[in-house]
Amino acid sequence: MAETHVAQQPGTGHAVVIGASMAGLLAARVLAGHVDRVTVVERDRLPDEVEQRKGVPQGRQLHVLLARGLAVLDRLFPGFGRDLEAAGAVPVRLPGDVLLSSKAGWIDRRAPGWTMLSASRPLIEATLRRRLLQLPGVAVLDGCEVTGLRASDDSRLVHGVSVRRVDGGDDVRSVDADLVVDASGRGSRAAHWLADLGYPEPGRTQVDSHIAYASRLYRIPDGFAEDWRAVILMARPPHNPRSGFLLPIEGGRWILGLMGAAGQHPPTDEAGFTAFTRELSEPVIAETLARAEPVSDIRGHRGTAGRLAHFERLPRWPERLVVLGDAVCAFNPVYGQGITTAAIAAESLDACLLAQRRRRPAGDLDGLAGRFQRELARRNADPWMLSTGEDLRYPSTTGMTASRVLRAQHRYFDRVEIAATTDPAVTEVYARVFGMLDRPTALFRPRILTTALRTRPVTVEQMPASAPVAAVPAPRAPMEQRSGVRAR
Ligand SMILES: Cc1cc2nc3c(=O)[nH]c(=O)nc-3n(C[C@H](O)[C@H](O)[C@H](O)COP(=O)(O)OP(=O)(O)OC[C@H]3O[C@@H](n4cnc5c(N)ncnc54)[C@H](O)[C@@H]3O)c2cc1C
């Protein structure tokens with residue numbers, strides 16, 4: 001992993017960030033190391049407590065913070081992981097604490113892997129927001145919507161944004177900025193705003209496996225103490241396109257996330273939702289939840305297509321505007337890459353700003369924005385390739401077709417998964433690639449390659465029926481005793 005340095009000496013100037021979700025908060029953090037003032041403009045009124053909000057509808061669904069993402073958050077906000085755990089996030093070792101059923105069967109649990117801090121999406125965001133707002137020079141303008149960009153007469157450079165209070169009629173005011181960062185998510189208006197300034201539309205790639213989510217919270221039963229903390233039952237496309245994730249979160253609760261591709265969407269009514277759990281590849285989730293009390297409604301979510309906007313390919317790009325996060329690259333979320341990719345984007349922004357300072361010590365930002373968009377495209381390439389490549393296993397996927405090379409890669413990855421059911425050295429690399437700690441090319445290292453190529457494809461009937469036992473068994477205490485936050 002390329003290390004970047006967060007500048008500690010603020011320069012001068014004012015940066016505006018559009019959107020106070022994960023990508024915006026992380027971008028604001030690195031900008032605070034480079035400019036005097038950072039203003040984050042957010043359409044929602046931001047809650048003081050850990051709460052769902054309208055602008056992040058995916059917040060009710062299960063969110064996994066991958067190892068690489070947590071490492072970046074911890075570097076940008078030292079002690080972030082400690083704060084998250086103190087707020088109730090539950091440490092879960094992957095694979096040690098997880099019953100993980102892959103296309104090839106149960107993944108071996110003996111590898112050291114990495115530790116995820118499992119929490120609700122609102123808790124992750126609220127913890128990050130609290131840390132950001134402790135930084136000098138950072139302010140949030142919430143309840144305010146950015147309605148457009150302010151630019152020079154020749155549209156060559158962006159020098160601010162137009163802002164409207166969401167509850168304040170049609171009054172629009174402008175906020176000047178030396179740098180504008182659009183982190184407004186899948187619904188970003190950046191392309192329209194650029195068109196208003198006379199820039200061409202960026203090309204877009206959309207790959208959609210038409211996966212839908214449904215999630216629900218449960219109270220973890222008193223005295224629950226298995227040798228696992230979480231269960232992940234992955235889809236086995238094309239035969240079984242249904243996945244289920246059962247993860248512990250703050251407040252002594254489990255979050256159950258169900259996902260299904262087109263024609264197999266998880267229902268949001270009581271009976272259908274429960275029936276769906278019984279149709280997952282293994283019965284463990286259905287059996288476990290038969291003893292657990294639901295403590296929330298069932299919430300569905302659609303709109304999970306992978307979407308990539310090719311801003312970096314535009315022949316012209318305005319100075320002082322950068323776009324990042326889901327606004328540029330949004331993934332099919334089942335692979336858990338969104339927050340981590342936003343964190344990597346923030347690191348890239350930091351590195352580009354540092355390089356700019358070396359290149360132009362007087363502080364001028366010419367060339368920075370275009371260079372950043374090109375660097376971001378390079379950084380997004382791996383997770384995009386991995387997620388769309390896996391999406392193309394589903395017959396329902398639209399937007400791209402599987403090439404012969406990709407089909408060969410699928411067959412090879414299938415063999416890696418088979419090896420990962422019995423060989424901890426392979427499981428370790430598999431877990432690290434899943435956690436984005438290693439690049440997917442790690443799966444082609446000689447040790448993995450020789451082991452994988454020696455495996456024989458297995459059929460569903462040949463898969464081991466019983467889940468593997470942990471090398472280091474038994475949680476330290478029943479999970480509900482370890483969570484600091486009370487359930488709502
Ligand atoms: C169902 C689902 C499950 C997911 N699961 C995972 C997971 O397990 N792990 C993971 O890492 N990622 C997951 N993701 C992705 C993750 O939620 C995003 O990648 C992450 O939130 C970063 O997004 P963002 O900050 O770019 O945009 P968003 O989170 O969409 O936030 C955009 C923000 O901008 C604000 N905004 C929008 N327009 C304006 C405007 N004009 N003016 C002011 N404010 C504005 C919005 O109110 C919002 O706060 C999931 C996504 C979905 C849909």
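Student: In the protein chain, what share of the contacts with a separation of 6 or more comes from residues 24 or more positions apart?
Tutor: Such residues account for 74% of those contacts, where contact means heavy atoms within 4.5 Å.

Student: What kind of model is this?
Tutor: This is a predicted model, in which local features need pLDDT of at least 70, side-chain atom pairs count only at pLDDT 80 or more, and totals for chains, interfaces and linings use all residues. Residues are numbered from 1 along each chain as its sequence is written, and side-chain values use heavy atoms, with hydrogens and water left out.

Student: How many helices and strands does the protein chain have?
Tutor: The chain has 13 helices and 21 strands. These are DSSP runs numbered from the N terminus: helices are H or I with at least four residues, and strands are E with at least two.

Student: Why does the radius of gyration agree with a compact globule?
Tutor: For 488 residues, a compact globule would have a value near 23 Å, and the protein chain has 23 Å, so the two agree. The radius is taken over C-alpha atoms, and the globule rule is 2.2 Å times the number of residues to the power 0.38. Along the principal axes, the C-alpha atoms fill a box of roughly 70 × 50 × 40 Å.

Student: And what percentage of the residues is buried?
Tutor: Buried residues make up 58% of the 488. Buried means under 20% relative accessible area, exposed means over 50%, and partly exposed lies in between, with a 1.4 Å probe and protein chains only.

Student: Changing topic, which domain does UniProt place here?
Tutor: An unreviewed UniProt entry places the feature "domain: FAD-binding" at residues 15-349. UniProt positions are given in the numbering used here, feature names are shortened, and annotations may be inferred rather than shown by experiment. That span is 22% helix and 31% strand, and its end C-alpha atoms lie 13 Å apart.

Student: Where is there a cis peptide bond?
Tutor: One joins Leu 94 and Pro 95, with omega about 15 degrees. Pro 95 sits in the loop between β3 (90-94) and β4 (98-102). The bond from Pro 237 to Pro 238 is also cis, with omega near 5 degrees, and Pro 238 lies in the loop between β14 (230-233) and β15 (242-249).

Student: What about phi of Ser 155?
Tutor: Phi of Ser 155 is near 60 degrees, a positive value in a residue other than glycine. Ser 155 belongs to the loop between β8 (144-151) and β9 (158-165) and is buried, because its relative accessible area is 12%. Arg 320, not a glycine either, has a positive phi of about 70 degrees; its loop runs between β19 (306-309) and β20 (321-323).

Student: Is Ala 89 buried or exposed?
Tutor: Ala 89 counts as buried, because its relative accessibility is 3%. The loop between α3 (80-86) and β3 holds Ala 89. Leaving aside residues up to four places away in sequence, Ala 89 touches Leu 84, Leu 117, Ser 118, Ala 119, Leu 123 and Glu 250. Ala 89 and Gly 251 are 162 residues apart in sequence, yet their C-alpha atoms are 8.7 Å apart.

Student: And where is Asp 74?
Tutor: Asp 74 is in helix α2 (residues 67-76) and is partly exposed, because its relative accessible area is 29%. Asp 74 touches Gly 79, Phe 80 and Gly 81, not counting residues up to four places away in sequence. From Asp 74 to Tyr 218 there are 144 residues in sequence and 29 Å in space, C-alpha to C-alpha.
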